[in-house]
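This report goes through selected elements and residues of one chain, moving from a single position to the wider arrangement. The sequence and structure are shown first.

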Amino acid sequence: MNCRRCGSPLRKPGDYCLSCDTANCESVVIDFRTDRATLTMLGFEPEHLSDDFDPTSLVLGETTVTTIPDDGEQTAPVQLRNFAGRVADEVRRKRPETVYAAGERDPLREARAQLHYEFYRVPDDDPVGAVLARRGEPALEVVETPPEAKIGGSHSTLIGERTGMKAILTAAEHPHVKKVIPGPIDAGGSGSRTGLRAKVTRADEHGNVRLLLRDGSSVQENRVVTTAGDRETGERVRDDLNDVLQESGFGEGGRR
């Protein structure tokens, strides 16, 4: 493949061109499996689309990163980190605008932690098809405000104290979250589980969601204002927030 701007040959499909500082890959779709990860590079749409435009023509190529699964108590984390690191290195070669991922959760989480791009989970059955189906959707606004500055409202008390604040800040760090407004605490529940858990509810018609914090019998509903403008795009943000909370140990299976 050659650079779309200067025509210089690229070592791999979708590589960033160092000769003229040009990105050739708009997004990367990663399909994680236990023993491999398949990266599919997608190019930029032409400015003027014909009626018979085939979205599959955006596929620039694929790269596969393989690994040998390891279940050793001490060696498995190293294998996982190295596997995800090699995948992350391939993504950095492209400098894409967005990364989409599907498949095995552990390597996906580790790769996400090593990358600093917009990162979304997509359905496992056909991740490339799911991304191509989103083609043409407007990109969501990215909020650059520090997480601490996104927290507001009249209720300053959080259940779980410092742990609750960490969960709130985890949500506030998301690039498509504008504001988190803590709500009142309901201590009249009947829950018996210990440890703080967090879950994001379905988006409303404006794309905003609710972050529920539970700690024993106490429940707090916190309003989360997002940059999504409707329920469908709000659901994408909701899914991503729940994934981030799960990965940070605040999900339903968390132990914090």
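## Glu235 in helix 5

In this predicted model, Glu235 is found in helix 5, which covers residues 231–247. Glu235 has a relative accessible area of 14% and is therefore buried, the cut-off being under 20%. Its side chain reaches the backbone nitrogen of Ala203 at 2.7 Å.

Salt bridges in the model come to 17 by the rule applied. One of them joins Arg112 and Asp240, with the closest N and O atoms 3.0 Å apart. Because Arg112 lies in helix 2 and Asp240 in helix 5, this pair ties together parts of the chain that are 128 residues apart in sequence. Arg112 and Asp240 are both buried.

Another salt bridge brings together the side chains of Asp239 and Arg238, at 3.4 Å from N to O. The two partners fall into separate classes of accessibility: Asp239, at 39% relative accessibility, counts as partly exposed, whereas Arg238, with a relative accessible area of 17%, is buried. Salt bridges that share partners also join Arg105, Arg112, Arg121, Asp240, Asp243 and Glu247 into one network.

## The β-α-β unit

Helix 2, comprising residues 105–114, belongs to a right-handed β-α-β unit together with strand 4 and strand 5. Strand 4 (residues 98–103) and strand 5 (residues 118–121) pair in the parallel sense, and 4 bridges are found between them. Within this pairing, Val99 has Phe119 of strand 5 as its bridge partner.

## Helix 1 and its surroundings

Helix 1 runs over residues 75–94, and its 20 residues, at 1.5 Å a residue, should span 28 Å; the end C-alpha atoms are 30 Å apart, which agrees with that expectation. The buried residues of helix 1 are Ala76, Gln79, Phe83, Ala84, Gly85, Val87, Ala88, Glu90, Val91 and Lys94. After helix 1 comes Arg95, whose phi is positive, near 50 degrees.

What does Arg93 meet in a salt bridge? The partner is Asp15, and the distance from N to O is 2.5 Å. The pair links distant parts of the chain, with Asp15 in the segment before strand 1 and Arg93 in helix 1, 78 residues apart. Asp15 counts as buried because its relative accessibility is 5%, while Arg93, with a relative accessible area of 27%, is partly exposed.

## Ser19 before strand 1

Ser19 likewise has its place in the segment before strand 1 (27–32). Is Ser19 buried or exposed? Its relative accessible area is 61%, so Ser19 is exposed, the cut-off for that class being over 50%. Leaving aside neighbours within four places in sequence, Ser19 is in contact with Cys6 and Ser8. The C-alpha atoms of Ser19 and Cys6 are separated by 7.9 Å, the two residues being 13 residues apart along the chain.

Notes
Residues numbered from 1 in each chain as written. Predicted model: local features only at pLDDT ≥ 70, side-chain atom pairs only at ≥ 80, totals over all residues. Heavy atoms only, no water. Pairing = 2+ DSSP bridges. Helix = DSSP H or I, 4+ residues; strand = E, 2+ residues; numbered from the N terminus. Right-handed = clockwise from strand over helix to strand, strands pointing away. Buried < 20%, exposed > 50% of the residue type's maximum accessible area, 1.4 Å probe, protein only. Contact = heavy atoms within 4.5 Å. Polar contact = N/O pair within 3.5 Å; in protein donor to acceptor, adjacent residues only side chain to side chain. Expected span 1.5 Å × (residues − 1). Salt bridge = Lys/Arg side-chain N within 4 Å of Asp/Glu carboxyl O.
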